[in-house]
Structures are given as C-alpha cells and as structure tokens.
Amino acid sequence: MVLAAKIINDERVASFVSEELGVQFIPPYTLMGLERDGVIVAGVVFHVFEGANIHVTVAGHGWTRSFLKEAGRYVFDVLGCERFTITTEHPYVARLGERLGGAIEGYARNQFGRGRNAFLVGVLKDEYRFK
C-alpha cells in the first residue's frame, strides 16, 4: 500500500538534497520536502534570499501539484519574491523548471566543481504555473 505524499520541512530534507547532489548547505536556509512511506523522495533547499529573488536547489522525483503549489506560495506570497533561480547540473531539473513556467537564462561553468557546469533557470512570479 502506497501512502499519500506528505510535505515536511525538517533537517532531513537538507541531508537528502546534500547526499543526492554531493553539495553542502550553510545556513541560513529553509527546507521543503516530500515524504512517501516514511522516505524522503524529493526536496528543495531555499537559500541565498536576495529580496526579489531566492535561489533553490532541488533533488528527487515524484513532485505533486500540492507540493509545487505550496513551494510557490512560500516563495511568492510568504517571502514576497518576484522570482526564484534554480541552479542545476541535471537537464531533467532544468526541464522541471521550464515546466514550472521558467526559462533557461544561462550556464555557470564549473559551478559544482571542475567540469560540472550548471543550468541557470529563472522562474518569474507571473509565469509560475502552479498557483
């Protein structure tokens, strides 16, 4: 029996995303994750808050509409951002950003280490598809 996904926001999310991507996060940051059957399957770390923009790092799979809606509510309504920026080396995450309403805005060379380049995906408040 598969249980419904549950949104969580504890430190296990930072550990999950860190382990999945091989990166470390230094506070301050906030977290939002998706748990199924007691196992975290997806997570978002919100960091580098700049007022109009916040950077997000994502890992995992199985995103739900309710999760994406809640993430958008947090970024745009709670924080008051006009956009968020996804930095990823994974093409499937860049495509997720595009499905959210974003656009690939550029690339960062060696973002995650030598030879590990990143897509920069910007998602604007007015273009976010999960309101």
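Predicted model: local features only at pLDDT ≥ 70, side-chain atom pairs only at ≥ 80, totals over all residues.
Q: How many cavities of 30 Å³ or more does the count come to?
A: Rolling a probe the size of a water molecule over the atoms shows where empty space is left. With the cut-off at 30 Å³, the count comes to two cavities.

Q: Which element supplies the largest share of the lining of the largest cavity?
A: Around this cavity there are 15 lining residues, with Val44, Val58, Ala71, Phe84 and Leu100 nearest its centre. By class, 14 are nonpolar, one is polar and none is charged. At least two residues each come from β3 (39–47), β4, α2 (65–78) and β5. The largest share, five residues, comes from α2.

Q: How many charged residues are in the lining of the second largest cavity?
A: The lining is made up of Leu21, Thr57, Val58, Thr87, Thr88, Glu89, His90, Val93 and Phe112. Strands β4 and β5 each give at least two residues to it. Sorted by class, there are four nonpolar residues, four polar ones, and charged residues number one.

Q: Which residues lie nearest the centre of the largest pocket?
A: This pocket has a volume of about 150 Å³. Both β4 (53–60) and β5 (83–88) supply at least two residues of its lining, which divides into six nonpolar, seven polar and no charged residues. Of the 13 lining residues, those nearest the centre are His47, Thr57, Thr87, Gln111 and Phe112.

Q: Is Thr85 buried or exposed?
A: Thr85 lies in strand β5. Leaving aside neighbours within four places in sequence, Thr85 is in contact with Asn53, Ile54, His55, Val56 and Val121. Its relative accessibility is 8%, and the cut-off is under 20%, so Thr85 counts as buried.

Q: With which side chain does the side chain of Thr85 make a polar contact, and at what distance?
A: Thr85 belongs to strand β5. The partner of its side chain in this polar contact is the side chain of Arg83, at 3.1 Å.

Q: How far apart in space are Ile86 and Leu124, C-alpha to C-alpha?
A: Ile86 also lies in strand β5, and at 3% relative accessibility Ile86 counts as buried. Not counting residues up to four places away in sequence, Ile86 touches Val56, Val93, Gly97, Phe119, Leu120 and Val121. Along the sequence, Ile86 and Leu124 are 38 residues apart, while in space their C-alpha distance is 11 Å.

Key
Residues numbered from 1 in each chain as written. Heavy atoms only, no water. 1 Å grid on protein atoms, 1.4 Å probe; cavity = no way out; pocket = protein on both sides within 12 Å on 5 of 7 lines; lining within 4 Å. Points joined across faces, edges and corners; volume = space filled by probe spheres on them. Helix = DSSP H or I, 4+ residues; strand = E, 2+ residues; numbered from the N terminus. Nonpolar A, V, L, I, M, F, W, Y, C, P; charged D, E, K, R; others polar. Buried < 20%, exposed > 50% of the residue type's maximum accessible area, 1.4 Å probe, protein only. Polar contact = N/O pair within 3.5 Å; in protein donor to acceptor, adjacent residues only side chain to side chain. Contact = heavy atoms within 4.5 Å.
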